[in-house]
Amino acid sequence: MAGVAPRRRVTIERKRQAPVQNGITTPQLPPAAPRGLCTDCGISRMSNAKACGTACQFIAPDYPALETQVHGRARDPARNPDELHFGPFRTMLRARLKTPAEGAQWTGITTRLAEKLLEAGAVDAVLTMAPDPEDKWKPMPVLITRPEGMAAARGMRMGYAPLLALLEPAAAAGHKRIAIIGIPCQVYALRSIEATLGFERIFVIGTPCSDNTTTESFHQFLALLDENPDSITYLEFRADYQVELRFADGRQRTIPFLALPISQLPKDFFPLTCRTCVDYTNVLADITVGYMAGRGEQWLLVRNARGAELLALLGDEIHTEAPTSAGKRANAVKGFLANTERAAGGLPLRRMPDWVRPIVSWLMPRIGPRGLEFGRTRVEMKACESVVHLRREHPARLKNMLPEHVWKLVAPYGLTPGPEEAPAPRSGKKPAPHADGATAPARHGPPPG
Ligand SMILES: Cc1cc2nc3c(=O)[nH]c(=O)nc-3n(C[C@H](O)[C@H](O)[C@H](O)COP(=O)(O)OP(=O)(O)OC[C@H]3O[C@@H](n4cnc5c(N)ncnc54)[C@H](O)[C@@H]3O)c2cc1C
Ligand code: SF4
Ligand code: SF4
């Protein structure tokens with residue numbers, strides 16, 4: 001998929017020769033191997049490229065086993081019903097940095113956590129994405145070894161880049177303790193190969209992810225939003241049903257979701273990977289930093305002891321409070337499912353007269369699902385979408401690709417697995433949980449003193 005064109009390899013070669021600034025290096029990465037459903041997480045570029053067969057979220061993921069490996073237990077809705085939607089967690093919070101970081105997507109909790117790790121000497125390097133110097137919307141994998149380098153990584157870029165291919169250059173550079181900031185398909189693959197990597201410690205800071213697309217396609221979208229798309233510096237799909245745009249001259253603009261020019265986008269604007277991805281909230285990260293359930297603030301899921309350790313690093317720099325919830329999701333999800341089925345593989349367009357759209361756009365942030373209910377809504381929509389698109393485009397993959405919890409999420413909407421679709425039994429081999437919910441120390445050596 002992304003990243004295999006010769007032009008890209010030339011670009012990477014050129015960047016390698018750039019001087020190291022603020023502790024940021026852009027190692028030369030091998031080319032991607034050809035794969036089917038693939039977001040080029042980087043594994044196919046590593047020496048054991050065959051690991052894709054067991055590490056890939058798009059083949060036969062085993063969430064219960066990896067959740068147990070990473071957090072000490074699998075998601076348990078009996079403990080907290082929200083674990084069915086959001087995966088295992090210890091604490092869920094609304095949060096913001098008291099002083100928002102300039103250039104951050106929200107207030108910058110994600111990059112500040114990594115900056116703190118570098119400041120404290122708890123890690124030698126952070127593996128993350130910076131904007132490509134030739135295209136600010138294109139993610140470029142970088143190794144950052146100095147706290148001041150983290151500022152360059154702030155903000156969200158649309159597209160894929162081979163984050164995990166940085167693991168081998170990081171090890172070769174002698175880094176023993178690392179942090180990784182990744183999206184769910186990258187984190188799933190990381191957790192699958194983590195035990196083989198030989199690092200002493202890996203902190204995993206995850207963000208949710210949905211509706212990603214190639215950077216090239218994203219430029220088409222920007223061109224539909226503004227006559228001068230190059231001047232757009234920021235875009236976010238907010239939880240109040242508005243897309244926020246910021247411009248180089250300081251202007252800001254919001255567009256209601258219902259007024260987006262979706263009908264003008266090509267049918268395959270969102271690749272099948274992102275239409276069938278089963279992990280919205282990054283359930284295998286130590287801490288997930290998103291915004292979905294934050295009602296205008298950020299949203300944190302502290303998933304294990306390592307995640308708690310990360311959050312503690314922020315001390316009183318961060319304001320936190322309990323998340324809240326309002327509205328009801330069932331009708332919104334039912335409507336989305338009907339639109340997705342009607343769209344026959346394309347984008348889910350709403351059947352709604354133009355004059356009704358402004359009224360519904362006004363109503364949604366006021367009476368629609370908000371806070372935690374908005375998070376649950378989006379997770380259920382994504383689960384419905386995965387079932388519909390896989391049934392249409394890759395029916396044989398359903399039994400391996402869709403975990404049991406996804407079927408539980410879609411059951412209230414009448415979607416149940418047929419005889420050929422029910423989840424295939426996994427190996428049953430569950431890795432031993434680690435007492436603090438962190439990764440098993442036997443595989444990674446002792447934590448630093
Ligand atoms: C494609 C995409 C879709 C997302 N969709 C949702 C969503 O639906 N709901 C939700 O709650 N959150 C979503 N997020 C996460 C959200 O945009 C914020 O990144 C997150 O809330 C953290 O904000 P922050 O201010 O703490 O981040 P910052 O401190 O600004 O740091 C952002 C971090 O994200 C990394 N990053 C940026 N772009 C990419 C990329 N393409 N691939 C990998 N890493 C990247 C940066 O390198 C940086 O480390 C999405 C992120 C991406 C990349
Ligand atoms: S593991 Fe990564 S590189 Fe391999 S097929 Fe999956 S997404 Fe692609
Ligand atoms: S939507 Fe899923 S598959 Fe697509 S980039 Fe995000 S995490 Fe990966």
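Reply: A residue is buried if 20 or more other C-beta atoms lie within 10 Å of its own, exposed if 12 or fewer, and partly exposed in between, the C-beta atoms being placed from the backbone. Helices (H or I, at least four residues) and strands (E, at least two) are DSSP runs, numbered from the N terminus. This is a predicted model, in which local features need pLDDT of at least 70 and side-chain atom pairs count only at pLDDT 80 or more, while totals for chains, interfaces and linings use all residues. Residues are numbered from 1 along each chain as its sequence is written, and chains are lettered from A and ligands numbered from 1 in the order in which they are written. The chain has 16 helices and 14 strands, and 45% of its 449 residues count as buried.

Me: How many residues of helix α7 are buried?

Reply: In α7 (residues 184-193), 9 of 10 residues are buried, and the helix is mostly covered. Among them are Pro-184, Cys-185, Tyr-188 and Arg-191.

Me: Against which elements do the buried residues of α7 pack?

Reply: Two residues are in contact if their C-beta atoms, placed from the backbone, lie within 7 Å. The buried residues of α7 pack against helices α2 (52-55) and α3 (63-71) and strands β5 (177-182) and β6 (201-206).

Me: Which residues are around ligand 3?

Reply: A residue is near a molecule or strand if its C-beta atom, placed from the backbone, lies within 6 Å of it. The residues around ligand 3 include Thr-39, Tyr-160, Pro-184, Cys-185, Cys-274 and Cys-277. Two or more residues of this shell come from each of α7 and α9 (272-275). For classes, Ala, Val, Leu, Ile, Met, Phe, Trp, Tyr, Cys and Pro count as nonpolar, Asp, Glu, Lys and Arg as charged, and the others, Gly among them, as polar. The shell around ligand 3 has 7 nonpolar, 4 polar and no charged residues.

Me: How many residues surround ligand 1?

Reply: Ligand 1 is surrounded by 30 residues, the closest being Ala-104, Trp-106, Thr-110, Thr-111 and Gly-290. By class, 15 are nonpolar, 13 polar and 2 charged. Helix α5 gives the largest share, 3 residues.

Me: In what order do the strands of the open sheet stand?

Reply: Two strands pair if DSSP finds at least two bridges between them. Here 3 strands form an open, antiparallel sheet in the order β7-β8-β9. Strands β7 (232-237) and β9 (252-256) each have a single partner strand, so one side of each lacks a neighbour in the sheet. Between β8 (residues 242-247) and β9 there are 5 bridges, and Leu-245 stands opposite Arg-253 in β9.
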